[in-house]
Amino acid sequence: MDFKKNLFWIAVAVVLVAGIGGYAFLVSGVKSEDGKSTADLKSDAMSKIDKIKSLAKKADDKNNPDQLMNPEHVKLAREYGARLDGQLKAIQDTWKPRKLDLRYSDYPTDSATKFDNWLSEKRDKIIEAAAKANLQLPADTDKLLFKEPSTDENSADVTRHRDFRLKQLAIVDEIVSLMTRKYGKQQVLKFEPKEDTQEPHETVDVGPQVLERVTVFPSRSWLGTKTVDPKSAGVMIAEERARQWTDDAIKRSGRQVSTAKGNYAELPYSFSSIDIQFVTPLNTVPAVVQALESSNRYTGVVTRVDYARATAPFPSAADPKVATPGPVPMLNTHYQEAPVRVLVSLDLYEYDAAKEAAMAAKAEAPADPKKDGKKDPKKK
């Protein structure tokens, strides 16, 4: 045996034996102030370790009353809650400006007759502005702007109420105002009978030429607190139309429409809908749609855009417009795109403080164990 070669391992063995002996002599007999031995203290420590491990496994269980937390958890939770509160406030701030701007502060409130006279003046101004811009209005403009019947706050017909008429007037007024603008340019070529002569041409400003139809689907909030039947006046509520659109989309997908009424989350706004049909040159369609959606008078969201050719590519000899002197933007005189008929659907959103208050009250209300499908712990 080479003593020098194995000196290192001999030294290690001596140290280990000395350590074990020292532990047995010095530590094994140590006791705590309450008389517990090291074995008891070790057992208590292992028990606490097992408890901590058990709690750690349940750290993500929200229903666990003994959920493991430390000051860092609480700090992070408070910071996260503050961020959520800030985001919620930012969202609420974007809700509140969503209102329909009536811009009518001069209308009389003391008499229905005076209000009808004021309404007649506004109607005349809208028709006059359209005529000045060569915009053809819908055939039912008088009905759209409430020429008949008279205003009556006590009528069961919601379309005769002052607030209803004010809102629809504001919407139609804005639409006509947007339709009277020019949104592009178009080169108009005139007919030249001589083959070797260049056709005279002219570049003109163009925009919508015909406003064929405006259909307003009011929000349920337009009905007010009185008991009225919108169907009696041939009015469909926007919420009802949205539900029908959803049902139709589900049917088209091949799925079965559920007839059960679900509990849907309410948002603090109501919405009305508008269908606008007009005729305009094809190159102006994007600009007109953008103007309708980005109006400062309401918060609009386009839900549908569709268009088709409105007239024949070339006019017929019997068309009276052919004899009109000067450029005729609505007709394709030579290699120009004919105008299109456009249908745009818009949803207009309005902030509803009453709905927001109801949401806040519902959030603060205690949970009902019966509605949640849970048994009341007090009852056995």
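User: Which residues touch the most other members of the largest nonpolar core?

Analyst: This is a predicted model, in which local features need pLDDT of at least 70 and side-chain atom pairs count only at pLDDT 80 or more, while totals for chains, interfaces and linings use all residues. Residues are numbered from 1 along each chain as its sequence is written, and side-chain values use heavy atoms, with hydrogens and water left out. A nonpolar core is a set of buried Ala, Val, Leu, Ile, Met, Phe, Trp, Tyr and Cys residues joined through side-chain atoms within 4.5 Å, where buried means under 20% relative accessible area, exposed over 50% and partly exposed in between, using a 1.4 Å probe and protein chains only. Here the largest core has 44 residues, and those touching the most other members are Met 179, Leu 211, Ile 276, Phe 278 and Leu 292.

User: Which helix gives the most to this core?

Analyst: Helices are DSSP runs of H or I with at least four residues, and strands are runs of E with at least two, numbered from the N terminus. Helix 6 gives the most to the core, with 10 residues.

User: What is Phe 278 in contact with, leaving aside its neighbours within four places in sequence?

Analyst: Contact means heavy atoms within 4.5 Å. On that basis, the partners of Phe 278 beyond four places in sequence include Met 179, Leu 211, Val 288, Leu 292 and Val 344.

User: How many aromatic pairs does the structure hold?

Analyst: Rings of Phe, Tyr and Trp (its six-membered ring) pair if their centres lie within 6.5 Å, and planes under 30 degrees apart count as stacked, over 60 as edge-to-face and the rest as tilted. The structure holds 5 such pairs. The rings of Tyr 107 and Phe 115 have centres 6.2 Å apart and planes at 85°, so this pair is edge-to-face. Tyr 107 is partly exposed, with a relative accessible area of 23%, whereas Phe 115 is buried at 0%. Phe 271 and Tyr 349 form a tilted pair, 6.1 Å centre to centre with 40° between the planes, and this pair links strand 4 to strand 6 across 78 residues.

User: Which charged residue lies over the face of Phe 115?

Analyst: A charge sits over a ring if NZ of Lys or CZ of Arg is within 6 Å of the ring centre and within 35 degrees of the ring normal. Arg 162 lies over the face of Phe 115, at 5.0 Å from the ring centre, and the charged end of Arg 241 sits over the ring of Phe 217, 4.0 Å from its centre.
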